Amino acid sequence: MSVRRQGTTLFSAILILVVTTVVLQLWLLTVSVEALLSGAYKTLVPAAAGSTILLLINAGLLRYVFRFDRDAPGE
Amino acid sequence: MTSEDEGCWGCKATAPPKWRQDFPIDWEGDHYVSRREMVKFLTLGSLLLVVANWATALASKFLHRGSHAERYIGSATALEQSGSMLFHYPTDAAPCIAARTPEGKLVAYSQVCTHLSCAVVYDKAKNGLFCPCHHGLFNLEGQPVAGPPTRPLPKVKLEQRGDKLFATELEAR
């Protein structure tokens with residue numbers, strides 16, 4: 001498989017992963033806002049920590065995309 | 001109207017119209033978003049969501065701070081006579097309910113049902129706080145025991161000094 005075709009498959013997979021994590025983060029935010037309004041403050045910090053972990057995953061994937069672009073041979 | 005006036009790029013073999021020279025942006029190319037750019041935008045969105053999440057966590061600290069003020073809520077005699085007593089704590093917009101358990105313990109909770117915010121009332125026969133909207137029931141520990149509510153009622157700490165009752169803290173749970 002050529003590097004370009006491999007990259008196409010990889011980036012599609014990465015895009016799906018990133019979209020999934022962003023949807024999870026949106027869900028965490030709705031849970032946090034509901035908890036804040038109902039006074040259940042114990043939920044807020046774990047939700048924010050979980051959201052941060054998901055951001056780190058996204059940042060790692062983005063870094064991988066940049067490194068792949070830099071290291072891949074030109075067309 | 002001529003094709004030049006309409007801005008039809010490439011319709012004439014002559015020089016491009018003046019507006020095109022002033023604004024040489026390729027519209028289609030400007031709107032094309034690659035998957036790499038999409039990942040970049042989504043990661044930026046992810047960062048904003050983290051900021052929003054931490055902002056809600058931080059907001060809770062400020063909201064919680066205001067609920068430690070002491071407030072006179074009424075006399076113990078009035079509570080003994082009616083079995084329960086309504087008051088507002090920590091602000092006038094926050095209704096609460098105090099009741100005496102059969103064991104003689106004084107308890108108080110927010111009167112706002114954790115299901116859909118109806119007002120709960122003390123039900124002596126059921127020995128709990130009853131929500132008439134959807135038949136939710138909380139025991140005198142504030143825990144939901146029947147109906148749709150799943151979260152406990154926020155607890156109000158009370159202090160009795162002689163005949164006077166004071167609310168001292170709203171405990172979020």
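So, how many bridges join strand β7 of chain B to β8(B), and do the two run parallel or antiparallel? Two bridges, and the strands run antiparallel. β7 here covers residues 136-139 of chain B. Before I go on: this is a predicted model.

Okay, a bit more on that pair of strands. If you look at B:Phe138, the residue standing opposite in β8(B) is B:Pro144.

Now zoom out to the sheet. In chain B, four strands make up an open sheet, and the order is β5-β6-β7-β8. The pairing is antiparallel. At the edges you have β5, residues 121-123, and β8, residues 144-146, each of them pairing on one side only.

Chain B puts 23 residues in contact with 34 residues of chain A. Between them, about 2600 Å² gets buried, and carbon and sulfur atoms give 72% of that.

What about charge pairing across the two chains? The count is one salt bridge. That's A:Glu34 with B:Arg151, side chain to side chain, at 3.7 Å from N to O. And how many residue pairs are in polar contact across the interface of chain B and chain A? Five, with both residues at pLDDT 80 or more. On the chain B side, the residues touching chain A split into twelve nonpolar, six polar and five charged.

Technical notes: Residues numbered from 1 in each chain as written. Chains lettered and ligands numbered in written order. Predicted model: local features only at pLDDT ≥ 70, side-chain atom pairs only at ≥ 80, totals over all residues. Heavy atoms only, no water. Contact = heavy atoms within 4.5 Å. Buried area = accessible area lost by both parts, 1.4 Å probe. Salt bridge = Lys/Arg side-chain N within 4 Å of Asp/Glu carboxyl O. Polar contact = N/O pair within 3.5 Å; in protein donor to acceptor, adjacent residues only side chain to side chain. Nonpolar A, V, L, I, M, F, W, Y, C, P; charged D, E, K, R; others polar. Pairing = 2+ DSSP bridges.
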